[in-house]
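Please take a moment with the sequence and the structure shown here. The paragraphs that follow lead from a single pair of side chains to the chain that surrounds it.

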Amino acid sequence: MPTMFDRIWDRHVVTTLGDGWDLLWLDRILLHDLSGGRALREVAERGLRVAEPSRVFATPDHAVSSAPGRTASTFPRGAQLLDSLRRNCAEQGVRLFDLGTRENGIVHVVAPEQGIVLPGVTLACGDSHTCTNGGVGAVAFGIGSSELTQALATNCLPQRRPGTFRIRFEGSRAPGVTAKDMILHAIGRFGAAAGTGMALEFAGSAVRAMSLEERLTLCNLSIEMGARVGMVAPDNTTFQYLAGRPFAPTGALWDRAMADWRTLPSDPDARFTRDEAIPMTEVAPQITWGTSPEQVAPITGTVPTPEQARSPAEAEAWRAALDYMGLQPGQKLEGTKVDWVFIGSCTNSRIEDLRAAAAVLAGRKRAGHVTAWVVPGSEEVKAQAEAEGLHRLFLDAGFEWREPGCALCVAANGESVPPGARAVSTSNRNFVGRQGTGARTHLASPATAARSALEGAITDPRA
Amino acid sequence: MTPFSSVTGPAAPLLAANVDTDVIIPIQALVGTGKDGLGEQAFARLRYRSDGTENPEFLLNQKSWRGTPILLAGENFGCGSSREGAVWALMGMGVRCVIAPSFGDIFHANCFQNGLLPVRLPMDAIRRIAALSGANGLTTVDLERGVVIAPDGEAIPFQVDPRKREALLEGLDDISLTLRHAEAIAAFRDRAQTERPWQ
Ligand code: SF4
């Protein structure tokens, strides 16, 4: 009996191409400023047109300044990319959520928020964290620029069907444990390559109990386990979240859609290529210590010693990571001095994330030596947070309240963490130089990041 | 796309696991520029010191391996970001083939779009080739025969997806192949529109 992933995949096969390849139909294509303009231009240069412009949505996010009051030209190199995106979207009749409009924001925050991604759809975007969108029960995956050009020109992609890997989080969450902690724990346990060639399905009672936004966070880091796709089965939580969103179906169509969506979840006897369970009793708040998301530990833990590594190669990787991160083997993670705190990115910049961080900060002030930023994931999130007064809590705590975009997650917009500075970030990659040349990144939940800003050091949010 | 049949050179052993695409090409190099010149920026953070001069310690700056077309790598090479610039940068510095036990999925797909051959071999075979490599130890990767010929002459077979192999050998690109299915695509669209109009 089919898994949810296989069921959705089967529905989208235009034709089989042999040797395990299918020509897959795409219901949605998302574009952003870094590669969107170029891909559209390449379609035109080949004498073709975007096949299904009404299925394509573009939003600038990567290379836009997050400075308060920013405009398109605040970061001039990004302005060129945005210009190209604007021109090419206009020429091809593609909808653009331009800077400053209510729909603008990080592409993977905007798509669920606007009801663009729906259960059962296929969605591709030239960005690896497209897997985030699987949180509503869609098959959403990242592609490169050549594939993006091809997707735009034909509305299809030749793809090989991946295997399936189910991860069940069973039991209830201990206080202070967030979706971010759960997925970091899973990556630490299975490794950064465990999902290669696989589509992940997150299941189990702890996932069923999650809000839709938390499911998006969970799916966001699928690619950090190597999987292009991460999914959660749609249920009433999903339907309640999507109802009334601008691009979601309405009226009789909504009823028909919902009846269909109820048939999507994996059959009880579905066979997965790999199936693992994680008891929630094992999951504590996590923080990364190294330069791969798999180099992670409970926040109360210590940095491992290379002697504990499973192989000489891993020991060597750990040594290099510790050297880059400026950490000693065996040292306690808690209490490590922190210079920067970044709350944002498509992992953790939605309204619930901001509420969680603001609750920790309320009435308190960041440590004097810490630079702390909050970058909401979208204009919608920003407006909602301001309506709730969250921005006041951030500002009063000495945080900067900035404009939506990717910002310090990838440092492509002229903003970066300075060399040697240690940052606790709610984003998804702690790679060497990811947040800036020489920047040292520790990935954690919004609550942990906020608490660490207050203390000026890595701190257990439960303490 | 640049066709690929075979290459020969000293295989450079860059054996760390999880070499991500942020390391292969920093994102800053991809903001506002085209494909050209990315070769200069490949591995920039490892290749250059903070004052902009070359770091002599970095493997690919060393005489034996400078400009080599073959890279030996560790597990999960090219993981992380979907940036195709990682492939353009590698090709820009002359790399035509990466041999690793496993690759990041998106990077792997991007390789085939551009004529960079990703070869999967077990780590012990890679270590064996690495130990024999250098100025006098040349490795050949022959896609037509599906073998890597180590510097000592040992022929190690590898598997490539037949569809991708053919496309690489002929330098064929996906768009034209897909457009051949225009009728099936149109039929699919109409059916999908009736069955699930909200999609
Ligand atoms: S927030 Fe970070 S991970 Fe998400 S799309 Fe932007 S750059 Fe990519």
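**Salt bridges and their surroundings**

R160(A) and D161(B) form a salt bridge in which the closest N and O atoms are 2.4 Å apart, a salt bridge being a side-chain nitrogen of Lys or Arg within 4 Å of a carboxyl oxygen of Asp or Glu. Since R160(A) lies in strand β8 (residues 156–160) of chain A and D161(B) in the loop between β8 (155–157) and α7 (162–170) of chain B, the pair joins two chains. The helices (H or I, at least four residues) and strands (E, at least two) named here are DSSP runs, numbered from the N terminus. This is a predicted model, in which local features need pLDDT of at least 70 and side-chain atom pairs count only at pLDDT 80 or more, while totals for chains, interfaces and linings use all residues. Residues are numbered from 1 along each chain as its sequence is written, chains are lettered from A and ligands numbered from 1 in the order in which they are written, and side-chain values use heavy atoms, with hydrogens and water left out.

How enclosed are the two partners? R160(A) counts as partly exposed at 44% relative accessibility, whereas D161(B), at 15%, counts as buried; here buried means under 20% relative accessible area, exposed over 50%, and partly exposed in between (1.4 Å probe, protein chains only).

Another salt bridge links the side chains of D260(A) and R196(B), at 3.4 Å from N to O. This pair also crosses between chains, running from D260(A) in helix α10 (residues 251–261) of chain A to R196(B) in the segment after α9 (182–195) of chain B. D260(A) is buried, with a relative accessible area of 12%, and R196(B) is buried as well, with 17%.

Within chain A, D396(A) forms a salt bridge with R392(A), the closest N and O atoms being 3.8 Å apart. Both residues lie in helix α14 (residues 390–396) of chain A, four residues apart, which is about one turn of the helix. An α-helix has 3.6 residues a turn, so residues three or four places apart point the same way. R392(A) is partly exposed, with a relative accessible area of 45%. Elsewhere, salt bridges that share partners join D27(A), E52(A), R55(A), R189(B) and D190(B) into one network, and over all chains the count comes to 43 salt bridges.

A helix of chain A shows how its residues can be covered. Nine of the 10 residues of helix α15 (residues 446–455) of chain A are buried, so this helix is largely enclosed by the rest of the structure. Among the buried residues of α15(A) are P446(A), R451(A) and L454(A), and the buried residues pack against β13 (286–288), β15 (340–343), α12 (351–361) and β18 (422–425) of chain A, where contact means heavy atoms within 4.5 Å. Just after α15(A), G456(A) takes a positive phi of about 75 degrees.

Chain A as a whole has 15 helices and 19 strands, and its C-alpha trace spans about 55 × 50 × 45 Å along its principal axes. Of its 463 residues, 67% count as buried. Among contacts in chain A between residues at least 6 apart in sequence, 76% join residues at least 24 apart.
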